[in-house]
Each structure stands twice: as C-alpha cells, then as structure tokens.
Amino acid sequence: MDIARTLPELRDHLARFSRPAFVPTMGNLHDGHLALVRQAKALGDVTVASIFVNRLQFLPHEDFDSYPRTWDTDCEKLRSVGCDVLFAPDERVLYPEPQTFRISPDPVLADILEGHFRPGFFTGVCTVVMKLFMCVQPRFALFGKKDYQQLMVIRRMASQFALPVEVVASETHRAADGLALSSRNGYLSDAERDEAAQLSQALRGMAEAVRSGERDFAAIEARATRALAARGWQPDYLVLRRRSDLQPPTGDEPLVALAAAKLGSTRLIDNLEFDR
C-alpha cells in the first residue's frame, strides 16, 4: 500500500489510473470501513482510502481533540483488505489557509435531524468531501448507510454540482446483537455496550408498528422515545421519514426509521429502511 501525505504524492500514485474507487474515513477503522474498501476494489482500477479527522464538522463542544487516532492499526487493516493508496494529509495540506469558501447544503435536507442537533455539521462534511473529491478525482466514492442523512446530502451535492463521481452506498455493518458498527462505539463502557443494542431494537419496533397497520406516526415516535429514555438514554430523535427526502410520511412511500441518542457520554446514531 502506498501512503501519500501530500497532493503531489497522491497525484503521482494515481497518475496511471482512470477509475479510482475512493473510501473517505476519519480513521479508527472497523469492519464496516473495511467492507467499503472490499466493495471499492470490485469497482475501480485503483482503491484509495483517506484518513483525515475533519475539524470543520465538529462543534466546539464535540470530541475533535479526543477523537481516536489509531494510525498503525488502521494501516494494518487497510493493507489486509488490499487498499492500494492511503491519502493521509495533515491539516496544513488539506487546509493550507483558512477554509473561507465552504459548501452550504440545501437546508431542507441538511438542517433537520442531525443538522438540527449539530448545526453546521453538514457544511463541514460537504466542504471536506468536495475537497477530497477534487484531490482524489474518484470515479466511485463509497459511503455507509449508517450515516443515512450524510449519504443523502453527499449524493445531492454530487448531483447538483454534476460531479463525475458515482456515490455508492454500502449496507450498515452490525455486531451480532444488532449494534451498528461505529468508531465511537469504543467510548462505551462494558455495561453501556450491552445496552447499546437497544437503539437498533427501538428502530425495529417502530418499523413493526407501521407494518402491523399503525398509522399514527407521531405516537409511534413518542412511544419509542419514552421507552428508550426510561432505560437511561438521552434521545435526540426517533423518527419515521420518507426515504426519498427525509420528510414526514404522507402516503405509502418507502420509509426509514432514524434515531440519535446519547448513552452515557456517547452519542449513537442508527437507521432502518423498511417497506410498509
């Protein structure tokens, strides 16, 4: 695996390829990330991953400084799945001057749910993803469905800017008890880890209520929120939304249940697509 820390190094490694498949990450890699790399290898003529902890998407009170950096382990994992090139710039490479030009996503999609509880988050995400796309110039870019709203925002950005990149979604990877794999799961204590599977169970319960014929969506959401709070969680949202645009359901369109909640000091998100 070649490691590029500067743009000239990256471009030198990629010069002879025409269809890069790209997996952007913030490091602290888990099996979900590695599945994206495996999927990427089947798509492009070179597989590129990046590790960059993006300051722009962290709020002032969030965990930028303490976000886990696991460089040696990450490199070993990427090599084990056949990653060809790792782009690992520091901030001075990716942001050589203050990033005053930023991508502002559509507030209808980006200011709800995660965007409501983390103002400015998707501006930071879109700005760094656009910059990474310009650096790598991928033909394919792979993102996990666990960050469902993020995937939708990035797809919309790529479409509206007519970027020559296909945004490919990968299914959420889960532990045996249903917990969605996440870099932040490492913050959980042993007891919290056992409890954490309740988040995916709450989503399944919401989906089952709809499938069984219940149509009072607000009541389903409120019941799930109360049940999770009673177990000691601090829910931000448990909602049912249309898959197409994350707006409240109106007809018989495909749905997704989405949740974000803190367990102790760790904020977890998850989602579940389902049909009625």
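Predicted model: local features only at pLDDT ≥ 70, side-chain atom pairs only at ≥ 80, totals over all residues.
Residues are numbered from 1 along each chain as its sequence is written, and side-chain values use heavy atoms, with hydrogens and water left out. Helices (H or I, at least four residues) and strands (E, at least two) are DSSP runs, numbered from the N terminus.

**Helix packing**

- Helix H10 (residues 198–211) and helix H11 (residues 217–230) pack at an angle of about 155 degrees with their axes 10 Å apart, where axes are lines fitted to C-alpha atoms, for helices over the stretch in contact, and angles run from 0 to 180 degrees between N-to-C directions.
- H10 and H11 are therefore roughly antiparallel to each other, since angles under 35 degrees count as roughly parallel, over 145 as roughly antiparallel, 65 to 115 as roughly perpendicular and the rest as oblique.
- The contact (heavy atoms within 4.5 Å) between these two helices involves, among others, Leu 199, Met 206 and Val 210 of H10 and Phe 217, Ile 220 and Leu 228 of H11.
- Helix H1 (residues 7–14) and helix H7 (residues 121–136) pack at about 50 degrees with their axes 9 Å apart, and H1 and H7 are therefore oblique to each other.
- On the H1 side, Leu 7, Leu 10, Arg 11 and Leu 14 meet Met 134, Cys 135 and Val 136 of H7.

**Aromatic rings and charges**

- The structure holds 5 aromatic pairs, a pair being rings of Phe, Tyr and Trp (its six-membered ring) with centres within 6.5 Å, and with planes under 30 degrees apart counted as stacked, over 60 as edge-to-face and the rest as tilted.
- One of them joins Phe 52 and Tyr 95 edge-to-face, at 5.8 Å centre to centre and 70 degrees between the planes.
- Phe 52 lies in the loop between strand E3 (46–51) and helix H3 (71–80), and Tyr 95 in the loop between helix H4 (91–94) and helix H5 (107–110), so the pair ties together parts that are 43 residues apart in sequence.
- Both Phe 52 and Tyr 95 are buried, where buried means under 20% relative accessible area, exposed over 50% and partly exposed in between (1.4 Å probe, protein chains only).
- Ring pairs also link Phe 58, Phe 64 and Tyr 67 into a cluster.
- The charged end of Arg 5 sits over the ring of Trp 71, 4.5 Å from its centre, a description that requires NZ of Lys or CZ of Arg within 6 Å of the ring centre and within 35 degrees of the ring normal.
- The charged end of Arg 118 likewise sits over the ring of Phe 121, 4.1 Å from its centre.

**Single residues**

- Val 23 is found in strand E2 (residues 20–25) and counts as buried at 1% relative accessibility.
- Lys 145, in the loop between strand E5 (140–144) and helix H8 (148–160), counts as buried at 15% relative accessibility.
- Gln 137, in the loop between H7 and E5, has a positive phi near 50 degrees although it is a residue other than glycine, and Gln 137 is exposed with a relative accessible area of 57%.
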